[in-house]
Amino acid sequence: LINAGVKQAKKLGYDCFIIHDVDMLPDTNNDYHCNYDNIRHIGALVDKYNHKMHYQGLVGGVLAFTYDQFKSVNGFSNSYAGWGGEDDDMFIRIVRSCHSLSHDIYEEAKFSMIVHDSDSGNVKNPDVYLQLMNAGKNMRIDGLSSVDTFYGLESIQNSSTTVTGLGDSGIQFYSQNSYTNVSVSVYDKRQ
């Protein structure tokens with residue numbers, strides 16, 4: 001879904017994309033922006049892990065890309081179903097694409113994770129380890145470049161605001177010193 005949202009927002013003229021989990025809340029006034037020299041992992045310090053990096057390949061939570069960076073890693077995989085693996089797959093894509101990655105590790109870049117039960121419709125991905133083993137070799141054919149195979153556009157809603165939370169899409173776009181929440185509704189062509 002993120003690939004579909006980024007693709008549509010790019011058509012609206014956006015170039016910086018903050019991919020933000022809906023259960024992550026900033027503890028401070030975080031600096032949401034893209035860095036044209038490297039991909040930014042903004043959500044590195046989470047209360048769930050005592051505001052320490054949980055592991056070195058972590059890129060989950062909040063991640064900032066320019067469109068060119070997102071395109072060069074071919075976005076997120078479209079193949080993950082259920083919970084787990086897509087963030088680790090993204091780390092593999094970043095490394096395989098030889099991108100620099102910065103983790104924002106400083107006092108003003110902390111997040112709290114909303115405690116919630118697992119979603120009944122979002123069960124743990126049973127194929128996650130097999131998918132991760134093949135992530136590097138599949139990244140050029142599975143992602144932003146193939147999103148039209150999987151998803152069709154239903155509607156787009158665009159609203160400017162000074163957001164601290166997120167809309168349903170979990171995608172925030174930064175443009176001209178204001179945040180814009182673009183909600184993209186898509187349907188799954190495979191069903």
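**Figure 1. Lys7 and Asp148 form a salt bridge.** In this predicted model, the closest N and O atoms of Lys7 and Asp148 are 2.3 Å apart. The pair links distant parts of the chain. Lys7 belongs to helix H1, which covers residues 2-11, and Asp148 belongs to helix H6, which covers residues 147-150. The two residues are 141 residues apart. Lys7 counts as partly exposed because its relative accessibility is 22%. Asp148 also counts as partly exposed, with a relative accessibility of 43%.

**Figure 2. A salt bridge joins Lys10 and Asp15.** Here the closest N and O atoms are 3.6 Å apart, which falls within the 4 Å cut-off for a salt bridge. The relative accessible area of Lys10 is 32%, so Lys10 is partly exposed. Asp15 has a relative accessible area of 23% and is therefore partly exposed.

**Figure 3. The side chains of Arg40 and Asp104 meet in a salt bridge.** The N to O distance in this pair is 2.3 Å. Arg40 lies in strand S3, formed by residues 39-41. Asp104 is found in the loop between strand S6 (101-103) and strand S7 (110-113). Because of these positions, the pair ties together parts that are 64 residues apart in sequence. Both Arg40 and Asp104 are buried, which means that each has under 20% relative accessible area.

**Figure 4. The structure holds four salt bridges.** Among them are the pair of Lys7 and Asp148, the pair of Lys10 and Asp15, and the pair of Arg40 and Asp104.

Note on methods. Residues are numbered from 1 along each chain as its sequence is written. This is a predicted model: local features need pLDDT of at least 70, side-chain atom pairs count only at pLDDT 80 or more; totals for chains, interfaces and linings use all residues. Side-chain values use heavy atoms; hydrogens and water are left out. Helices (H or I, at least four residues) and strands (E, at least two) are DSSP runs, numbered from the N terminus. Buried means under 20% relative accessible area, exposed over 50%, partly exposed in between (1.4 Å probe, protein chains only).
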